[in-house]
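Here's a quick tour of some side-chain contacts and surface features. Grab the coordinates and follow along.

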Amino acid sequence: MENTNYHKKSVDELTFTDDGMFQAVLRDPEICAELVERLLYVKVNHVDYPKLEKQIAPYYSSKGVRLDV
C-alpha cells in the first residue's frame, strides 16, 4: 500500500477547487445558487440535488449495475 502524505491547509489557504471547500459551497442551496448566477449570468430559482449514485439490480441471479454522477 502506498503511503500518501497530505498537506493540511488552513481555511485561508483553501480555494474553491479544494474538494472540501467545493462540497461545502455546493451543499448550501443559497450559496450554490449565487455561485451559478455569478458564473452563468442566469437567475436560479431553486437548486435540486440529484442522487449521486444509483444501483440497479434487476434480478437475483444477475449482476447489478451502479451508476455514478
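## Salt bridges and surface

Arg38 and Glu34 pair their side chains in a salt bridge at 2.7 Å, N to O (a side-chain nitrogen of Lys or Arg within 4 Å of a carboxyl oxygen of Asp or Glu). Both residues sit in helix α2, 4 residues apart, about one turn of the helix; helices are DSSP runs of H or I with at least four residues, strands are E runs of at least two, and numbering starts at the N terminus. This is a predicted model, where local features need pLDDT of at least 70, side-chain atom pairs count only at pLDDT 80 or more, and totals for chains, interfaces and linings use all residues. Residues are numbered from 1 along each chain as its sequence is written, and side-chain values use heavy atoms, with hydrogens and water left out.

The salt bridge count comes to 3:

| Pair | N to O distance |
|---|---|
| Arg38 and Glu34 | 2.7 Å |
| Lys9 and Asp18 | 2.9 Å |
| Lys43 and Glu37 | 3.6 Å |

On accessibility, buried means under 20% relative accessible area, exposed over 50%, and partly exposed in between (1.4 Å probe, protein chains only). Arg38 is exposed because its value is 59%, while Glu34 is partly exposed at 39%. Lys43 is exposed at 68%, and Glu37 is partly exposed at 23%.

Then there's Asp48, in the loop between α2 (29-40) and β1 (53-56). Asp48 is exposed, since its relative accessibility is 60%.
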